[in-house]
Protein chains: 2
Amino acid sequence: MLHLDADAKDPFYKQIYEQIKQEILSGILPGGTRLTSTRTLAKDLQAGRNTVENAYAQLVLEGYVTAVPGSGYVVTPLEPDLRAQTPGVEDPGADGFIQKKSGPGQYAYNFDYGTLGSWAFPYKVWRNLTATVLMEAEEMHYRNPALQSRDEMQGDRDLRRELAKHLYRRRGVNCTVDQIVICNGLQPALSSLVRVFPSQWRAVALENPGYRRARTIFQGNGLRLCPIPVQEDGIDVAALSASPARVIFTTPSRQYPTGRVMSIQKRMALLQWAAECRGLIIEDDYDSEYRYKGKPVPSLQSIDRQGRVVYLGSFSKTLSPGLRLGYMVLPDGLLDTYRYAFAGYKCSVSWLEQKILARFMAEGHLEKHIRKMCLLNKKKHDTLIDAITDAFGDSVRVHGQDAGLHLLLEFSGGETEAELVERAAERGVKVYPGSPLWIEGGEKPPTTILLGYGTLPDDRIPEAISLLREAWGKTPGKGGRRSRAAGAGSAPDSAPDSVPDVTQGR
Amino acid sequence: MLHLDADAKDPFYKQIYEQIKQEILSGILPGGTRLTSTRTLAKDLQAGRNTVENAYAQLVLEGYVTAVPGSGYVVTPLEPDLRAQTPGVEDPGADGFIQKKSGPGQYAYNFDYGTLGSWAFPYKVWRNLTATVLMEAEEMHYRNPALQSRDEMQGDRDLRRELAKHLYRRRGVNCTVDQIVICNGLQPALSSLVRVFPSQWRAVALENPGYRRARTIFQGNGLRLCPIPVQEDGIDVAALSASPARVIFTTPSRQYPTGRVMSIQKRMALLQWAAECRGLIIEDDYDSEYRYKGKPVPSLQSIDRQGRVVYLGSFSKTLSPGLRLGYMVLPDGLLDTYRYAFAGYKCSVSWLEQKILARFMAEGHLEKHIRKMCLLNKKKHDTLIDAITDAFGDSVRVHGQDAGLHLLLEFSGGETEAELVERAAERGVKVYPGSPLWIEGGEKPPTTILLGYGTLPDDRIPEAISLLREAWGKTPGKGGRRSRAAGAGSAPDSAPDSVPDVTQGR
């Protein structure tokens, strides 16, 4: 902040000159920045306008600043952009764009998970709804609409109401508006849940393998991790019962990353475990909207009669991971505890985006959007499965097909994940090792590679896979396509005939 | 979620009919809701369309649903709106609007603090920037812009860069882009800071009186509170040194709620305390943009040479409390600890709103907006002070004038805060007791009333104060206006002449 010192030996103009010069040299004022107008600065500093003009004149004289007719005084570009200088977080551009040419540290194809193609965001509708919501808000007299999100600690009521309907229709979730808490995604949800655990709960059970970002939260909050093996039909409930944990984080509808569906027997056993130990089940229903074959699997919460399940979801896989819009459904029994623990807290989600999303849902856009996304993702999924089967045949095992936005490839040829990742990188394809999803100290992880396809356009997939084939030097095995494909059974049919139907449905 | 059970004795149409009926009776489907089209539902359930049509026909027959030509099947209004039924969070409408008629539980005037008038939000500009940002994002190929906020755990780089400039110019804050963390406001900021405290820090020092929402966070995280008395020139540093606390939460530029400014001597002593005990100072610069008289007071962070100050701010007082947009500036020494503690965390602030705000700042809108807000709030402040002085003269002491968005009235007539609040309420004026801002176990609080004026329009203020005068039955004392007004000294002059100047500045 510029300031003038009446006692300093330097005259005011000199003080202004020196301080602005420092701002320019330190990069605070990068090249191209317009300086505050002399009139405005004079007012701010309660100084004479001539004083400021003299200071600016000096800066121009020494070349720090250029006087641009019509647009005032502009900082002369002196040095590289601040951004270029500052170290730290990697520039998202670096491997952000798939169409970027392959090269050192760059990738022609990126199979990362948890991202979406830009086509996945409903730009036009969102733009229009924003305008509508803001125009309506502007008509409120006196009070900034902001207030509403302060009063409603659990989030906007209209949005929670739409969610209650949506979750019931789509996922069978039984809840009232009051059980719903809007939050900034899975991690904030877990961070606040940890706060309402009974103090004697010092351990948390996690599926092994499982979702790392959840593990991060529990560890960060000083909880001991109890890795529970994942079997073909879901977690090993016996191992869970043997563990000291009274709370488990689980993905019943589509186990992450294996894609396995928890059987109804396992679900019942899990609910019984919770009832007996008076424990808690945290159900992460992370990309349940996407099932390309067979009927959708209802949520675990929908069959919970004991109020032992907390249901978590978000819009990261349907709209955009960057909106940071998620929610949790608390069992009635936990509601008072939660409200007590967070009394005096504000809802931390933007009032504006909550209102926009509520309308997006109320007007049926979300339903349409999900149908569209399902169709597009099914197409990608089918293309990917076919390409993989053609390229690798029996030599890799494919986990988690028929749903979601990723696959897990299991290798048994003795190569290491590091080798597989590196060889893919050499051909400009970024793939991700699976073993970090296994908890250290648990069972030894198999050799797996995670392929996320939320971002890759389907017409690029065959090319990407053929590059992987070169990289990994596999040859199609005998025994017919997909014969050993694991997960939800036989391969999906591309079913082109279903396309017109679904589009009619939109 | 509707589902069909092939083994059930009921035919499919009956199953559909029963389930929809339940949804209607349970209020999941309120009156007026359009049912999914028969074609769509048939597809969802993989059932015949006739089956669905039969189910709908039955619902129409029994009056649950009405067939509306052109718009399909609509639920017949049966019962009060879900929202009316659900208890819990108070409807913001209830005392939300100032122009609402006075009545039981309602207020003609509400002096609450932490809210803003709706005129405080730049609707049009925000609308336009949203459109621009979304259109630009749409042009990115393949990748949903969402990704960016995932990579940048501390928040959008453009926004942080604008903040670094803004905070330096306005508040003298010295920092690089890398020291800034974007967050969902003060409370999330404090919650994460607590995580990086050394484990031996079990106590936190707080100004007494002070900001309750901060206290809530520290208590919620199991820290012991050490109340530090606030003197005329800021907190009692001796008392702080005597306390076990190694970290303090403080409001140096405008102590909340007394409005006192921490003297430079106190600031130096505080910084020295932190250096000696290797402690941390959390500076909440909460409404520093508003100073109506004299020069703005630079932040404490600006004179910290030891890297012992964490600077916190938000846009809640300038744009909207509901956007939940805040930031912290971490000292270099804390940066690695913070990044280590939150490795694997995503930034929890919407990518979209960060981009919009970054542009809002880059294009100079924020500067203009703040000037406008200062002007409007100064007018309100002056009107309020004049009205209070005319109404109560010497009989109340006014704390915290010349800045901010609230005043604290101190009473010495022996009346209790409860009486004052109740008598005001009887006349439809909502005011807030001051004593909850004092920490229990600290010094006994005086009788004070908090008047926030962020929401009240200035032309309503005299009326509101005259109602308070009736309520409290005060008469103007002798000894001239404002003679005993405390805080930043003598009263502000309305300075009408300054108005045209400032508007020119915009």
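In which helix of chain B is the place of B:T38?

Modeller: B:T38 sits in helix α2 of chain B, which covers residues 38-45. Keep in mind that this is a predicted model. Now look at how covered the residue is. The relative accessible area of B:T38 is 9%. Buried means under 20%, so B:T38 counts as buried.

What does B:T38 touch? Leave out residues up to four places away in sequence, and its contacts are B:R49, B:V52, B:E53, B:Y56 and B:Y73. Next, pick a residue further along the chain. B:R469 is 431 residues away from B:T38 in sequence.

Now follow the chain out of the helix. B:Q46 lies in the loop between α2 and α3, and α3 spans residues 49-61. B:Q46 is not a glycine, yet its phi is positive, at about 50°. Is B:Q46 buried or exposed? Its relative accessibility is 57%, and exposed means over 50%, so B:Q46 counts as exposed.

A:R324 is a residue other than glycine, and its phi is near 55°. A:R324 belongs to the loop between β10 (309-314) and β11 (326-329) of chain A. Its relative accessibility is 3%, so A:R324 counts as buried.

Loops also hold cis peptide bonds here. One joins B:N208 and B:P209, with omega about 5°. B:P209 is in the loop between β5 (203-208) and α10 (212-220) of chain B. In chain A, a cis peptide bond joins A:N208 and A:P209, with omega about 10°. A:P209 is in the loop between β5 (203-208) and α10 (212-220) of chain A.

Back to helices in chain B. Two packed helices are described by the angle between their axes and the distance between the axes. Take helix α6 (residues 123-139) and helix α14 (residues 351-362) of chain B. Their axes come within 9 Å and cross at roughly 115°. The crossing of α6(B) and α14(B) is right-handed. On the α6(B) side, the contact includes B:V125, B:W126, B:L129 and B:E136. On the α14(B) side, B:W351, B:L352, B:K355 and B:F360 are among the residues that take part. Sorted by class, this contact has 11 nonpolar, 2 polar and 3 charged residues.

Then there are the nonpolar cores. The largest has 152 residues. Which of its residues touch the most other members? They are A:I465, A:W472, B:I465 and B:W472. Look at B:W472 in detail. Setting aside neighbours within four places in sequence, its contacts include B:F392, B:L409, B:F411 and B:L420. B:R423, B:A424, B:V431 and B:I449 also touch B:W472. A second, separate core has 65 residues, including B:L186, B:V196, B:V204 and B:Y338.

Finally, step back to a whole chain. Chain A has 18 helices and 16 strands. Of its 506 residues, 58% are buried. Among contacts in chain A with a separation of 6 or more, 73% join residues 24 or more positions apart. The accessible surface of chain A is about 19600 Å². Carbon and sulfur atoms account for 52% of that surface.

Definitions and conventions. Residues numbered from 1 in each chain as written. Chains lettered and ligands numbered in written order. Predicted model: local features only at pLDDT ≥ 70, side-chain atom pairs only at ≥ 80, totals over all residues. Heavy atoms only, no water. Helix = DSSP H or I, 4+ residues; strand = E, 2+ residues; numbered from the N terminus. Buried < 20%, exposed > 50% of the residue type's maximum accessible area, 1.4 Å probe, protein only. Contact = heavy atoms within 4.5 Å. Areas by Shrake-Rupley, 256 points an atom, 1.4 Å probe, with all protein chains shown as cover. Axes fitted to C-alpha atoms, helices over the stretch in contact; angles between N-to-C directions. Left-handed = near helix turned anticlockwise from the far one by under 90°. Nonpolar A, V, L, I, M, F, W, Y, C, P; charged D, E, K, R; others polar. Core = buried A, V, L, I, M, F, W, Y, C linked by side-chain atoms within 4.5 Å.
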